[in-house]
Amino acid sequence: MDNINKEYLMQILNKKIRTDGRKFEDYRDIEIETDISKNAEGSAKVRIGETEVIVGVKLEVGTPYPDNPDEGTIIVGAEFLQMANPEFESGPPSVQSVELSRVVDRGIRESKAIDFKKLCIEEGKKVWLVLIDIYAINDDGNMQDAASLAALAALSNTKMPKYDKETEKVDYKERKGKLPLSKMPIECSLAKIGEHILVDPGLDEERLLDAKLTVASIGNKIHAMQKAGVGTLKVEEVETMLKLAIEKNKKALEKINKK
Amino acid sequence: MSYTKRKDGRKFDEMRKIKAEVGVIKNANGSAKFQIGDTIAIAAVYGPRNLYPKFLQNPEEGKLRCNYNMLSFSVDERIRPGPSRRSKEIGLVTERALSPTVNLKEFPNAVVDVFVEIIQADAGTRCAGICAAAMALADAGIPMKDLVSAVSVGKVGDKLVVDLDKSEEDYEEGATDMPVAILPRSDEISLLQLDGEMEAKEIIKALEMAKKACLELNKIQKEAIRKKYKGEGK
């Protein structure tokens, strides 16, 4: 992996281009593939440039939270596989992977993309738990957007397994009906490097950025934000970033709806 | 869906009552307590001290490491002690909120550890923790270019509000929580998160409200620091 330094990156960015020739407001090519793993209730692979993430959805029957006895829920996890980046290490989930999965979770939860009430089997006793597991396969920057897009693609492709109330067993071979997913909260990450605002940071940009803002939006409604990076943002910069995120969510939506 | 009046009678842009105190933990190099309404945070700073394991040491600059934790009894339903996914993430965003102010170049190879504990929670705990941590860093004499202030703003029903309490966060017809940290001297944002639903123009307006509230907070934090050191060195 080439390690360019900040001065060199700034020299290039000051010419209003990026190291890979993109314009500041351009995403890399996005590819979505669904149904990549048969035994999962839903699955998808997303590539943004060379960044590749796969997501699988499994359903389990569990007990509801006491404060929402008639609602199912989602549980999002992320694992940065060691194959994805030479810097990833084995062991318990890193704080970065915890953050990535929590931001995916918040986009889906806060936008009420899934009707949790429809995941209730027996009030107070049994509900569907939707387990969304994210795996990084190749990290070339901006895994956040790839992960959230893959999660949405996998969810929209999820079929409900059959639950037998008599035997209290789940039949994973007999699937019918779709998961009650009604909205697509698209996450868009924007990097600030020096004075520049860039959409979809690549690996070098991500390593050298001052600040990053991930925005989950549907249409012009914003449902989740997360600032990353140790630098700061000005209000005007936040304004620019929000505008770009809203602009970009339409395109990603078209991609996902084609699936 | 109109939210006409806040339960505790506050104006929509008014914060809860604030108390700040510096030097609350003797063993620490710096410490502070910050209370906003019924949310209480304490913070302690240890360091700069040697960073281990050694391979983590950086000869060019030091490291700021923040740990956020809620005491098990700080909320209605007991929290299982020990780190959670949530507390790890908040530790990380606390680090980012404070980092831009700390001159890390002054302590190469070393670490400054910040420990934030939430004693009592009524929403806005990460912001209260950041306020306490900034004061504790100043108390520890860590070189900083600004004193960070943080407050949660957002939307309750149809109104933009400052400093949501738990009942507002749980408002039945919908609430959006947006924690913000500001460097008051330069007006820059070092923490920004959002959960809920807002439009871009509302977010910008809420940011302006947060800026104003943080200026007020900053005075209180500075006053508390001054109070401790008044009379010293005479």
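Two exercises with worked solutions follow.

This is a predicted model, in which local features need pLDDT of at least 70 and side-chain atom pairs count only at pLDDT 80 or more, while totals for chains, interfaces and linings use all residues. Residues are numbered from 1 along each chain as its sequence is written, and chains are lettered from A and ligands numbered from 1 in the order in which they are written.

**Exercise 1.** Describe the build of chain A.

Step 1: Start with the elements; chain A has five helices and 12 strands. Helices (H or I, at least four residues) and strands (E, at least two) are DSSP runs, numbered from the N terminus.

Step 2: Next, find the extent; the C-alpha trace spans about 70 × 35 × 35 Å along its principal axes.

Step 3: Now look at burial; 46% of the 259 residues of chain A are buried, where buried means that 20 or more other C-beta atoms, placed from the backbone, lie within 10 Å of the residue's own.

**Exercise 2.** Work out which residues of chain B touch chain A.

Step 1: Count both sides; chain B gives 24 residues to the contact and chain A gives 28 residues. Two residues are in contact if their C-beta atoms, placed from the backbone, lie within 7 Å.

Step 2: Find the main contributor on the chain B side; β9(B) supplies the largest share, 12 residues.

Step 3: Look at the pairing; strand β12 (residues 221–228) of chain A runs antiparallel to β9(B), and five bridges join them. Strands pair if DSSP finds at least two bridges between them. Gln226(A) has Gln193(B) as its bridge partner.

Key. A residue is buried if 20 or more other C-beta atoms lie within 10 Å of its own, exposed if 12 or fewer, and partly exposed in between; C-beta atoms are placed from the backbone.
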